[in-house]
Structures are given as structure tokens and as C-alpha cells.
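Hi everyone, thanks for coming along. I'd like to walk you through one structure today, starting with charged pairs and then moving on to packing. Let me put it up on the screen.

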Amino acid sequence: MTPLLQVEDLRVGYGKIEAVKGISFTVKAGQIVTLIGTNGAGKTTTLRTLSGLIRPTAGRILFDGRPLGDIPAHKVVALGLAHSPEGRHIFPQLTIEQNLQLGAYLRKNTAAIARDKKRAYALFPILGERRRQAAGTLSGGEQQMLAMARAMMSQPKLLMLDEPSMGLSPIMMQTIMSTIQELKSQGTTILLVEQNAQAALSLADQAHVMEVGRVVLSGTGQALLHNQSVRKTYLGED
């Protein structure tokens, strides 16, 4: 089966600095694939490039068999690739309901949009209870729920999540990770960038370790979770 996403020898630079140095990986439909690594490894840059926010300097990106190289971000979303960014970037002055509506701005079928809002509120009941509340008044964890729900409103074939547990309490982090698992069980394909290597590898079908712009290790989530080098470097074990 052809992968939903194919990344081949991807290179991305900021001026003379090369942030991503020829990485390759694939994501198959129905999988959770994770990228782990320290700050500055190139993980966020990779997601921003896949979503059309940054232009690659070399390499090839194929999404659902179609090259993405020069396609602008709004058209990438229309093709079915949604990005829940690091830092959430919700619209704080708008209500939860309005934020979700903006996630569906490319869609025309009002009945389907209403159905997907109900799905979002089923996944995140607190959002449904507060749907008329300004998004900026939510806690960090609730804002993360909203960012994920807003991305889902575009009906993505592939959902990219950048640091969904950042700054969250352990209980809220577990809620977010459980929701990611639930999204997978419902058929959503996910590319996950996550500092919490333990949580990410526990969820992932496939995983890739990035260091200074390169993929240095790949394998199943469970294989890397039990890899001694990974455990020492990313899980804090001696």
C-alpha cells in the first residue's frame, strides 16, 4: 500500500543555516508516527514545511500521491493535511464555537460541519460545556483541546500535532494522549511531534529520532521505547 505521506531527502534552511538535513520517512494511513528529539532537532521545522508554511530547499514531499513542494498552506489544508501548531495559536477573543467554525472555513456542507462539531464536543466535553466562552479564558490544557479540535474540523486525512503536551499538568497530558489514541481508533492518521518521548513512543506505530536536522534512528514505537540509547538520552535513565 502506498504511504499517505512520503518525505524523501527533505532539506530546509533559514538563510545559510540548514535546519533539516536530508530526512526521509513515511506515514501510512491509520498510523501514529512520531518524531522525537531535543529542542533544535528540526521537528517543528519539518511540520511547518509539510504544511506549506516554509518552502523546502531540496527533497520531495508526496501527500496522497501528490507532490506538495510549492503548494501554499491553505491549499495543503484543502488536500487533507491539518496542522495543530506548537503554542496552539487559537483565536483568544473568539468563542470556542467560533474557533471551531474557522477550522472548517474551507468547507461548504453545513450539516457535515455541525456533525463534526458534535464529534469535537464528544471528544472534549469541556469544550461543549463552554462553547460560548472566549477561547482566551481557557486553561492551557483546554486551549490544547481546542487547537486539536479546530484542526479536526477541516476533515483531515492526516493530522499533525506539534508538542500537544507542552506545559500541561500530568493529568491533562494523559487526557491529551488518551484522546490521540481515541482519534487513531476512529481512523485518524497522526504525525506527532512530542518532547515527552515516553508518551509519544508508547502511542506510536513508527518513530524517528531527530538530532540536529537528521533522522538518526528509526523503528517501531515499542522498539525505540526499549532501546537503551533512547532510554538513556530521552527517558532520563542511566
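Let's begin with Arg 130 and Glu 142, which form a salt bridge whose closest N and O atoms are 3.0 Å apart. This pair links distant parts of the chain, with Arg 130 in the loop between helix H5 (125-129) and H6, and Glu 142 in helix H6, 12 residues away. Please keep in mind that we are looking at a predicted model.

Are the two partners buried or exposed? Arg 130 has 28% relative accessibility, so it counts as partly exposed. Glu 142 has a relative accessible area of 11%, under the 20% cut-off, so Glu 142 is buried.

Next, have a look at Lys 184 and Asp 205, another salt bridge, again with 3.0 Å between the closest N and O atoms. Here Lys 184 belongs to helix H7 (residues 170-185), while Asp 205 is in the loop between helix H8 (197-203) and strand E9 (206-211), and the two are 21 residues apart. Lys 184 is partly exposed at 23% relative accessibility, and Asp 205 is partly exposed at 26%. Elsewhere, salt bridges that share partners join Asp 9, Arg 11 and Glu 18 into one network.

How many salt bridges are there in the whole structure? The search finds 9. One of them is between Lys 157 and Asp 64, with the closest N and O atoms 2.6 Å apart. Lys 157 sits in the loop between H6 and strand E7 (158-162) and Asp 64 in the loop between strands E4 (58-63) and E5 (66-67), so this pair ties together parts that are 93 residues apart in sequence.

Now back to H6, this time for its packing. Helix H3 (residues 96-103) packs against helix H6 (residues 140-152) at an angle of about 35°, and their axes are 7 Å apart. The contact is made by Ile 96, Asn 99, Leu 100 and Gly 103 from H3, together with Leu 146, Ala 149 and Arg 150 from H6. By type, those residues are 4 nonpolar, 2 polar and 1 charged. The crossing of H3 past H6 is right-handed.

How values were computed:
Residues numbered from 1 in each chain as written. Predicted model: local features only at pLDDT ≥ 70, side-chain atom pairs only at ≥ 80, totals over all residues. Heavy atoms only, no water. Axes fitted to C-alpha atoms, helices over the stretch in contact; angles between N-to-C directions. Helix = DSSP H or I, 4+ residues; strand = E, 2+ residues; numbered from the N terminus. Left-handed = near helix turned anticlockwise from the far one by under 90°. Contact = heavy atoms within 4.5 Å. Nonpolar A, V, L, I, M, F, W, Y, C, P; charged D, E, K, R; others polar. Salt bridge = Lys/Arg side-chain N within 4 Å of Asp/Glu carboxyl O. Buried < 20%, exposed > 50% of the residue type's maximum accessible area, 1.4 Å probe, protein only.
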